Amino acid sequence: MQSVVHLISGDEDERQTALAIVENLLNDESGAIDDVAVVAQSKGIESVTAGGDGEERVRSLLDEGVAFKACSNTLDTMDLEESDLVEGVETVPEGAVEVTRLENEGYAYLRP
């Protein structure tokens with residue numbers, strides 16, 4: 001199974017919940033989870049920026065193989081650069097398109 005977590009909220013509790021969901025997916029004892037991706041856009045981008053509220057968790061999850069993807073449109077809107085992201089977070093042109101693409105590939109959509 002594959003899951004994509006859509007990280008779009010400006011609410012810190014929701015962003016932390018999203019990262020906790022990712023951790024729970026990785027800790028699934030059934031071994032049924034093959035891939036986990038996180039797509040960050042809008043205010044959710046804060047969790048994947050260097051110095052952001054989720055930086056340590058993001059680094060740890062990257063080390064465990066979670067794919068983090070940041071919306072380039074959001075970076076432009078918020079006057080951020082790729083270099084502002086946690087190292088290892090990749091950029092995609094549009095976050096919503098990336099979520100749709102992943103869903104089309106069989107990823108289950110999750111959003112806290």
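**Close-up views of a predicted model**

**View 1. Pairing of strand 2 with strand 3.** In strand 3, Ala70 is the bridge partner of Ala40. The model in which this pairing is seen, here and in the views that follow, is a predicted one. Strand 2 (residues 35–40) and strand 3 (residues 67–71) run parallel and are joined by four bridges.

View 2. Five strands, paired in parallel, make up an open sheet whose order is 4-3-2-1-5. The edges are taken by strand 4 (90–92) and strand 5 (108–110), and because each of these has a single partner strand, one side of each is left without a neighbour in the sheet. On average, and with direction ignored, neighbouring strands of this sheet are turned by 30 degrees against each other. Helix 4 (residues 95–104) packs on the sheet, where it touches strand 1 (2–7), strand 2, strand 3, strand 4 and strand 5, and the direction of helix 4 makes about 160 degrees with that of strand 2.

**View 3. The contact of helix 1 with helix 2.** The axes of helix 1 (residues 12–26) and helix 2 (residues 55–63) come within 11 Å and cross at roughly 25 degrees. Since angles under 35 degrees count as roughly parallel, helix 1 is described as roughly parallel to helix 2. The crossing in which helix 1 passes helix 2 is left-handed. From helix 1, the residues Gln16, Leu19, Ala20, Val22, Glu23 and Leu26 meet Arg57, Val58 and Leu61 of helix 2. By class, the residues of this contact of helix 1 with helix 2 divide into six nonpolar, one polar and two charged.

View 4. Thr74 belongs to helix 3 (residues 72–77), and its relative accessible area of 8% places it among buried residues, for which the limit is under 20%. When neighbours within four places in sequence are left aside, Thr74 is in contact with Gln41, Ser42 and Ile45. Of these contact partners, Ser42 is shown again in the next view.

**View 5. Two loop residues with positive phi.** Ser42, which lies in the loop between strand 2 and helix 2, is not a glycine and yet has a positive phi of about 50 degrees. With a relative accessibility of 35%, Ser42 counts as partly exposed. Asp79 is located in the loop between helix 3 and strand 4, and its phi, near 50 degrees, is likewise a positive value in a residue other than glycine. At 69% relative accessibility, Asp79 counts as exposed.

Key
Residues numbered from 1 in each chain as written. Predicted model: local features only at pLDDT ≥ 70, side-chain atom pairs only at ≥ 80, totals over all residues. Heavy atoms only, no water. Buried < 20%, exposed > 50% of the residue type's maximum accessible area, 1.4 Å probe, protein only. Contact = heavy atoms within 4.5 Å. Axes fitted to C-alpha atoms, helices over the stretch in contact; angles between N-to-C directions. Parallel < 35°, antiparallel > 145°, perpendicular 65-115°, else oblique. Left-handed = near helix turned anticlockwise from the far one by under 90°. Nonpolar A, V, L, I, M, F, W, Y, C, P; charged D, E, K, R; others polar. Pairing = 2+ DSSP bridges.
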